[in-house]
Amino acid sequence: MKTRQYDIKDPTLAPAGRKRIEWASRQMPVLKLIRQRFATERPLEGIRISACLHITTETANLALTLKEGGADVILCASNPLSTQDDAAAALVEYGIPTNAIKWEEEVTYYKHISTALDHKPQLTVDDGADLVTTLHTKRSELIKNVIGGTEETTTGVVRLRSLERAGKLKYPLIAVNDAPTKYLFDNRYGTGQSTIDGITRATNILWAGKKVVVCGYGWCGRGLALRAKGMGSQVIVTEVEPIRALEAVMDGSQVMPLIEAARLGDIFITVTGDKNVIGKDHLQTMKDGAILANSGHFNVEIDIPALESLSVSKQRLRPFVDEYTLKDGRRLYLLGEGRLINLAAAEGHPASVMDMSFADQALCLEYIVKNRGKLEPKVYPVPEEVDKQVARLKLSSMDIEIDSLTPEQKEYLESWEEGT
Ligand SMILES: NC(=O)c1ccc[n+]([C@@H]2O[C@H](COP(=O)([O-])OP(=O)(O)OC[C@H]3O[C@@H](n4cnc5c(N)ncnc54)[C@H](O)[C@@H]3O)[C@@H](O)[C@H]2O)c1
């Protein structure tokens with residue numbers, strides 16, 4: 001039996017959500033073109049999609065695109081703190097059952113995932129792999145219906161590759177995160193800008209003159225360091241991977257072990273996808289007043305149980321600022337309960353960058369349906385033609401033209417004969 005169940009905070013928020021979804025759509029020209037084509041070609045006709053994504057105005061535009069393509073879409077949140085309740089309400093009005101409430105407890109979070117799976121998906125769309133993991137572990141009887149799926153973020157791709165290595169992955173998945181039109185822009189410029197935005201909205205701090213410690217110099221860390229410098233902060237990078245550490249040095253950041261940076265930093269931001277990056281020893285070393293935030297996918301990057309155990313009291317000073325007073329009187333400020341701060345305290349990535357990530361998503365889902373039965377239970381890269389198409393459309397939406405190779409240049413670049 002088909003489920004049309006939804007669970008949102010407040011249906012009266014729908015008009016405000018609609019307006020913001022419309023505003024986001026104006027910054028998403030590539031997705032709009034795909035939506036127009038989908039409306040005529042209906043490549044997803046009758047396909048049931050369960051999507052576990054951050055419920056934002058940008059996600060609403062993706063869901064509407066898939067619906068326009070003929071799909072029967074149900075949504076649930078991919079993080080308990082990232083939901084925009086007005087967007088969720090509007091989605092329900094648009095006829096897309098949505099199961100997401102900002103500040104939901106873990107039990108509700110998983111109940112919402114379960115509701116999304118009751119939809120008996122033929123395609124899954126995930127951000128962090130909680131949906132796919134639940135499907136493989138607790139609802140494996142539903143896997144027989146699934147044609148394939150997509151994964152939006154680095155942490156999700158890491159988990160799926162691990163499932164694949166263990167020989168337990170049961171259907172094909174495309175690693176949308178690993179497409180250059182995704183990580184080069186979304187992870188770098190999207191996370192860079194929106195993390196600064198989230199921390200600013202949470203705290204109203206001045207960035208100029210602050211020592212900002214960025215833990216992890218991957219795509220998100222690079223963007224974050226770049227933007228923090230632009231705000232006048234001095235950036236210290238911590239890494240475990242030598243090439244990335246060297247890149248951070250040459251990009252003009254100080255690089256050192258976190259235990260040394262712990263003494264110096266005013267703001268610590270984790271973007272590693274790893275756990276307990278900021279641990280007890282670091283917390284014990286930090287200055288009075290240090291701010292701790294995370295923009296990695298899960299709330300495990302800062303050891304919150306260690307912070308709790310070192311503290312004698314805790315109070316919420318602002319909606320996303322918890323003050324922990326330690327036994328020696330120092331105060332540390334944890335933002336957004338250690339959940340990704342750009343989505344908890346701000347609105348996540350700007351629509352203009354999600355335009356590309358979600359264009360990749362829509363085209364990959366179309367690709368999976370077109371290649372139904374031909375793909376194996378593996379983690380696949382985004383097809384190169386999809387990536388190139390998204391880049392071309394984005395450039396064209398910005399009124400930017402580029403050169404093309406002459407036949408002579410093409411031949412030269414493919415040959416080995418010509419030298420000095
Ligand atoms: N907040 C958002 O909106 C958003 C957007 C995109 C990605 N993400 C998430 O952000 C995280 C990072 O993504 P990415 O694309 O930058 O990944 P990435 O793999 O490119 O980079 C992660 C970096 O962290 C480093 N690292 C791992 N453990 C470390 C440790 N203990 N100390 C210091 N460095 C360490 C790795 O060496 C690597 O260079 C992931 O969890 C991803 O899912 C969040």
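User: Which helix gives the largest share of the nonpolar patch?

Analyst: The nonpolar patch on the surface is made up of Leu246, Val249, Met250 and Val255, which together have about 380 Å² of accessible area (Shrake-Rupley method, 1.4 Å probe, only the protein chains shown counting as cover for residues). A patch takes residues with over 30% relative accessible area and no salt bridge, joining nonpolar side chains (Val, Leu, Ile, Met, Phe, Trp, Tyr) within 5 Å and like charges within 9 Å. Helices (H or I, at least four residues) and strands (E, at least two) are DSSP runs numbered from the N terminus. Three residues, the largest share of the patch, come from H10.

User: What kind of model is this, and which atoms do the side-chain values use?

Analyst: Residues are numbered from 1 along each chain as its sequence is written, and this is a predicted model, where local features need pLDDT of at least 70, side-chain atom pairs count only at pLDDT 80 or more, and totals for chains, interfaces and linings use all residues.

User: How far apart in sequence are the parts tied together by arginine 331 and aspartate 288?

Analyst: The closest N and O atoms of the salt bridge between arginine 331 and aspartate 288 are 3.0 Å apart. Arginine 331 belongs to strand S14 (residues 331-335) and aspartate 288 to the loop between helix H12 (280-285) and strand S11 (291-294), so the separation in sequence is 43 residues.

User: Is the lysine 394 and aspartate 355 pair made of buried or exposed residues?

Analyst: Lysine 394 forms a salt bridge with aspartate 355, with the closest N and O atoms 2.9 Å apart. Lysine 394 is in helix H16 (residues 384-397) and aspartate 355 in helix H15 (residues 351-370), so the pair ties together parts that are 39 residues apart in sequence. Relative accessibility is 9% for lysine 394, which counts as buried, and at 0% aspartate 355 also counts as buried.

User: What distance separates the C-alpha atoms of alanine 359 and valine 30?

Analyst: Alanine 359 is another residue of helix H15, and with a relative accessible area of 0% it is buried. Valine 30 is 329 residues away along the chain, yet the C-alpha separation is 6.5 Å.

User: Now the rings: is the pair of tryptophan 103 and phenylalanine 320 stacked or edge-to-face?

Analyst: Rings of Phe, Tyr and Trp (its six-membered ring) pair if their centres lie within 6.5 Å; planes under 30 degrees apart count as stacked, over 60 as edge-to-face and the rest as tilted. The structure holds four aromatic pairs. For tryptophan 103 and phenylalanine 320 the centres are 5.4 Å apart and the planes are at 15°, so this pair is stacked.

User: What is the angle between the planes of phenylalanine 185 and tyrosine 189?

Analyst: Both residues are in helix H8 (residues 180-203), and because they are four residues apart, about one helical turn separates phenylalanine 185 and tyrosine 189. Phenylalanine 185 is partly exposed at 28% relative accessible area, and tyrosine 189 is partly exposed at 32%. Their aromatic pair is tilted, with centres 6.5 Å apart and planes at 35°.

Methods. Side-chain values use heavy atoms; hydrogens and water are left out. Buried means under 20% relative accessible area, exposed over 50%, partly exposed in between (1.4 Å probe, protein chains only). A salt bridge is a side-chain nitrogen of Lys or Arg within 4 Å of a carboxyl oxygen of Asp or Glu.
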